[in-house]
Structures are given as C-alpha cells and as structure tokens.
Amino acid sequence: MKTTWEDIIQSDAMYIDLIGYGSILNSNSHEWDTSTPDTVVVKWFQRIYNLKMVPDSIDDQTLEEFRKKYWEKYWIKNISEVRDLWKENVCVLNCKYTGFSWDKVNGVVIRIKRQDFETYKKREAIYDLYTTRYHYIEPETGKITHNNHKWYILSAQEDYIIDDGHAFLPYHRFSREGAYHFWEYFGKMFDETTYKIYADKK
C-alpha cells in the first residue's frame with residue numbers, strides 16, 4: 001500500500017524501518033551507520049535495474065554534488081564521465097511492486113529516526129513509499145522467522161525508470177559483494193532475485 005513521507009511526519013512514530021536492497025548491503029556504504037545487521041526478505045517486489053542513474057534533466061551543479069557524495073567510490077572523476085553514463089542508459093537498483101507472492105527481495109533494515117524524516121522526504125523525492133511486512137532471514141541458512149512489524153520500501157516513480165537500461169556494473173559489484181559478505185546463501189539469493197543486470201537479460 002502506498003503512503004507518503006508527509007503521512008509519516010504527521011504520525012506519532014518515533015522511527016520507521018526502511019528496507020535497503022542495493023548498495024546499502026555493503027558495509028562500506030556511506031549510509032551504513034543507519035543500518036542494522038538484521039537481514040530480511042520481502043515478497044511482492046522485484047529488484048530490477050530500471051532506475052536511470054543519471055536523470056535526463058538535472059543541472060551540472062547537482063550532478064557534481066551527486067558525484068562527490070555517491071559516485072566517487074566508483075571512480076567517476078568528473079562531470080564529463082557522468083554525462084557519458086547518461087548516454088549509456090546505465091541504471092541503479094529499484095524495487096518494483098508486482099503483487100506476486102513468488103517475487104521476493106532480500107535486504108537489510110535501515111532505521112530512520114524521527115529527526116531525520118524531513119531529510120529523507122527531500123532526499124527520496126523521486127520514490128513512492130510503500131508499506132508492507134517483512135520476515136527475518138538467517139543469511140547462512142535461509143531460515144525464515146515470521147514478523148508482523150510494519151516496514152517501508154522505496155520504489156522509483158514512473159518518470160524516472162526506463163525499459164532499455166542495464167546495470168552500472170561497478171555499483172552492481174559493490175552491492176553484490178555486500179550481499180555475499182553476510183553469507184553465501186544470502187549472496188546467491190541476491191543473484192537469483194536481481195533483474196536486468198545486462199541489456200535484455202536477467
């Protein structure tokens with residue numbers, strides 16, 4: 001079910017739990033301090049490379065801020081290289097709602113405290129926010145522990161996704177290494193539930 005950051009801000013919640021399913025899996029992510037070691041699995045969503053990494057209409061100043069904050073670790077050195085990536089239609093991970101019980105995504109819990117709600121509202125403006133339920137998963141065995149706690153997941157809005165994109169491979173390797181760091185079982189689940197890594201392929 002869709003909701004909004006405004007609804008969360010207006011609530012009395014002291015924190016919310018987001019599910020991280022991409023680069024946040026890697027402990028070298030700049031956001032790791034907001035994450036917990038809790039590994040989870042969710043149904044009805046599909047992890048897919050269809051969120052365009054470099055949006056079509058964005059000014060150079062904003063691109064440079066993004067490059068320094070998010071992309072320097074992938075050895076992107078300047079705006080010219082960012083523009084080249086735009087031409088190549090490279091994508092980062094998105095979580096698409098399908099409604100099918102056989103679709104699943106594994107990830108980690110990101111706990112967002114109340115004082116950070118407004119920051120996330122601005123930062124994640126291109127995403128729709130969904131509420132659903134998650135289950136804990138043991139990363140070494142796949143054993144599921146059922147849980148009824150409400151959680152949230154971000155799914156990119158239609159204006160920002162493309163059908164003919166493919167993974168930005170340094171980002172993919174970074175995210176995949178993070179999944180395998182938890183355990184091989186967890187990493188294989190990441191591989192099996194990640195789509196459109198290469199153009200026209202799973």
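1. Phe66 has a relative accessible area of 35%, so this residue is partly exposed. Trp71, at 6% relative accessibility, counts as buried. The model is a predicted one, and the points below should be read with that in mind.

2. The rings of Phe66 and Trp71 form an aromatic pair, with centres 5.9 Å apart. Their planes stand at 50°, so the pair is classed as tilted; edge-to-face would require planes over 60 degrees apart.

3. Trp71 also belongs to the packing of helix 2 on helix 3. The axes of helix 2 (residues 60–71) and helix 3 (residues 79–87) come within 10 Å and cross at roughly 95°. Helix 2 is therefore roughly perpendicular to helix 3. On the helix 2 side the contact is made by Asp60, Leu63, Glu64, Arg67 and Trp71; helix 3 contributes Ile79, Val82 and Arg83. By class, this contact has 4 nonpolar and 4 charged residues, and no polar ones.

4. The model has 14 aromatic pairs in total. One of them joins Tyr49 and Tyr171, whose ring centres are 6.1 Å apart and whose planes are at 85°, so this pair is edge-to-face. Tyr49 lies in strand 4 (residues 45–52) and Tyr171 in helix 5 (residues 169–182), so the pair ties together parts that are 122 residues apart in sequence. Both Tyr49 and Tyr171 are buried.

5. Tyr49 and Tyr171 are also members of one aromatic cluster, together with Tyr74, Phe168 and Phe174.

6. Which strands make up the open sheet, and in what order? The sheet has 4 strands, ordered 11-5-4-12, and its pairing is mixed. Strand 11 (166–167) and strand 12 (194–195) are the edge strands, each pairing on one side only. Strand 5 (residues 90–97) pairs with strand 11 in the parallel sense, over 2 bridges. Cys91 has Ala167 of strand 11 as its bridge partner.

7. A separate point concerns strand 2 (residues 15–20). Strand 2 is mostly covered, with 5 of its 6 residues buried. Strand 2 pairs with strand 6 (residues 104–113) in the antiparallel sense, over 6 bridges. Within this part of the model, Leu18 has Ile110 of strand 6 as its bridge partner.

Terms used
Residues are numbered from 1 along each chain as its sequence is written. This is a predicted model: local features need pLDDT of at least 70, side-chain atom pairs count only at pLDDT 80 or more; totals for chains, interfaces and linings use all residues. Side-chain values use heavy atoms; hydrogens and water are left out. Axes are lines fitted to C-alpha atoms, for helices over the stretch in contact, and angles run from 0 to 180 degrees between N-to-C directions. Angles under 35 degrees count as roughly parallel, over 145 as roughly antiparallel, 65 to 115 as roughly perpendicular and the rest as oblique. Contact means heavy atoms within 4.5 Å. Ala, Val, Leu, Ile, Met, Phe, Trp, Tyr, Cys and Pro count as nonpolar, Asp, Glu, Lys and Arg as charged, and the others, Gly among them, as polar. Buried means under 20% relative accessible area, exposed over 50%, partly exposed in between (1.4 Å probe, protein chains only). Two strands pair if DSSP finds at least two bridges between them. Rings of Phe, Tyr and Trp (its six-membered ring) pair if their centres lie within 6.5 Å; planes under 30 degrees apart count as stacked, over 60 as edge-to-face and the rest as tilted.
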